[in-house]
Amino acid sequence: MEAIFMLLLLFAFLTIGIPIAFSIGLSVLTMLLITDVPVLIFAQRAANAADSFALLAIPLFVLAGELMNHGGLTRRLIGFAQALIGHVRGGLGQSGVLASLIFANVSGSAVADTTAIGSVLVPSMIDKGYKPTFVASLQASAGCLAPIVPPSILLILYGSIVNVSIGALFLGAVVPGYLIALCLMVVVHMLTSPKRQPTIVREPFAGWGVIKCATRQALPALAMPVIIIGGIAGGVFTATEAGAVAVVYAFLVGRFYYRGFRIRDLPQILISSAGVTVMVMAIICFAAIFGWLLAWHNVPDEVGAWIKSFATSPYMFLAIVIGFVLLLGMVMEVLAIATIFGPLLHTLATGYGFDPIFFGVILAILMQIGGATPPVGVLLNITCGLAGVTPGRCLGYMGIFVGVYVLVVLLAILFPPLITYLPHMMFG
C-alpha cells in the first residue's frame, strides 16, 4: 500500500509540473516521513548511489560536449553534414540526423545533442519550407541517438548498476544506433517528397571543393568519436578514462585549433556543464532511493512474479518488456527508469537466458524512446519550443519516427548478432 501511495505521489508531482528529479526526491522524502524508515537513509542511499567510479564518466562527457559546442566543433559538424548531403531530398533533415549522430558519439547526452543541433537546424529548416511539426519531431527523434550510441550516459548508468561491462555495452550499441540513424534518413527522404511537403526549398549541390573544405574543417571533430570508440574497443582506456580523454581533446581542439572560446570563458562552460551534471546525478540518486524503498516493500518481487506468470517464453517476456517500458517512458524520465527498474528487468532477462549485453542495448533503445514521447518527452518539448509548436500537434510524425526505433529493436531480436557480434569479437 505504501509503495502505491509513493508512486501516486510521484505521478501527482509530475502532473503539476515539478521537475522529475525533485518529484522523485519529494515522493521519497514524504514516504520516509510517514513511515518508520529512518530519514537518515535518504542521505546514505543517495551517497551510495553516487559513489561509483563508472559514473564519473557522466560529468566528463557532459563537459566534453559543452567544450565541443563552445569551441565551434558543433557548427563545423553541421556544415560538414550540409555540404555532404544537403542537396538530396530532405537535405536539411538528413543533415540534422547525421550531425546528431556524430555529436552523439561525443556527448552521450540527448538533451545536449538536441539543444546543440536543434538550435541551429530547426530555425533553418522552417525557413526552408519544412513543416514545423515535422522538424520538431525529427530533431527530437535524432536526439534520442545520443543515449544509445557510445559514449551513452544511459549505458554508463545501466552498466554500473547491473555490473555489466560498459565497454561491451558501447560496442553492442554501435550497429543498432547507426542502423536507426540510417532508417531515420530513409524515412526523411520519404516524408519530404514534393507531394507531402511542396514548400521545401531544395538546396543545390555544394560542389566537391566545398565538401573538401568542410571535411577539412570538421576533421578534428570527426576524429573525436573514432578516438573514444577505438580507445575503448582496443582496451586502451575505460569508459571513464575515455571521458577524460574527450575533455582534453575537446579543450585543445576548441581552444587552440578552432579558437572558439577563450580561457576566461571556461568558468561559464564549467558552470553550464555542472548544471546538467547536477540534474542528472540528482535523478540517479533520488531514483536509487526510490528503487530501494520499492524493494523494501517487495515490489520488484511482486512485479517479477506477475511478469513470469504471463511470460511463458523468452520472446513473450520481451514483448511484455517492450510494452511496459514504452508505457513507462511516457510518464517517467529515462535515467529514473534505468535506476528503478533496470536491475529488476536485468535479473529477469538473465533468468530467461538472454545475453546481458543484448538485453541492455535493447532496453536502452526502448527507454530512450520515452525521451521523445509525450507527455514527459523532454526532447520533444525542447524542439517544439524551438519550432514554435505544441507537442500534441507532433503526434503523427512522432508515431512514424518511434516506429523506426521499434523496427530496429525487432530486427535486433530477430538477429541478435547485430548487437552481440562486436562485443563478443573484441571482449570474448
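Ser141, Cys144, Ile369, Ala372, Met398, Phe401, Val402 and Tyr405 line the second largest cavity, where a cavity is a set of points on a 1 Å grid over the protein atoms alone at which a 1.4 Å probe fits but cannot get out, and a lining residue has an atom within 4 Å of a point. This is a predicted model, in which local features need pLDDT of at least 70 and side-chain atom pairs count only at pLDDT 80 or more, while totals for chains, interfaces and linings use all residues. Residues are numbered from 1 along each chain as its sequence is written, and side-chain values use heavy atoms, with hydrogens and water left out.

The second largest cavity holds about 40 Å³ of space, a volume being the space filled by probe spheres set on the grid points, which are joined across faces, edges and corners. Its lining draws most on helix H19 (residues 395-414), which gives 4 residues; helices here are DSSP runs (H or I) of at least four residues, numbered from the N terminus. Sorted by class, the lining of this second largest cavity has 7 nonpolar residues, 1 polar residue and no charged ones, with Ala, Val, Leu, Ile, Met, Phe, Trp, Tyr, Cys and Pro counted as nonpolar, Asp, Glu, Lys and Arg as charged, and the others, Gly among them, as polar.

The model has 2 cavities of 30 Å³ or more, and the largest cavity has a volume of about 40 Å³. The residues that line the largest cavity are Gly86, Val88, Arg89, Gly90, Gly91, Leu92, Tyr130, Ile200, Val201, Arg202 and Glu203. In this lining, 5 residues are nonpolar, 3 are polar and 3 are charged.

Helix H7 supplies the largest share of the lining, 6 residues. Helix H1 spans residues 2-15, and Phenylalanine 5 lies in this helix. The lining of the largest pocket is made up of 28 nonpolar, 13 polar and 2 charged residues.

Definitions and conventions:
Helix = DSSP H or I, 4+ residues; strand = E, 2+ residues; numbered from the N terminus. 1 Å grid on protein atoms, 1.4 Å probe; cavity = no way out; pocket = protein on both sides within 12 Å on 5 of 7 lines; lining within 4 Å.
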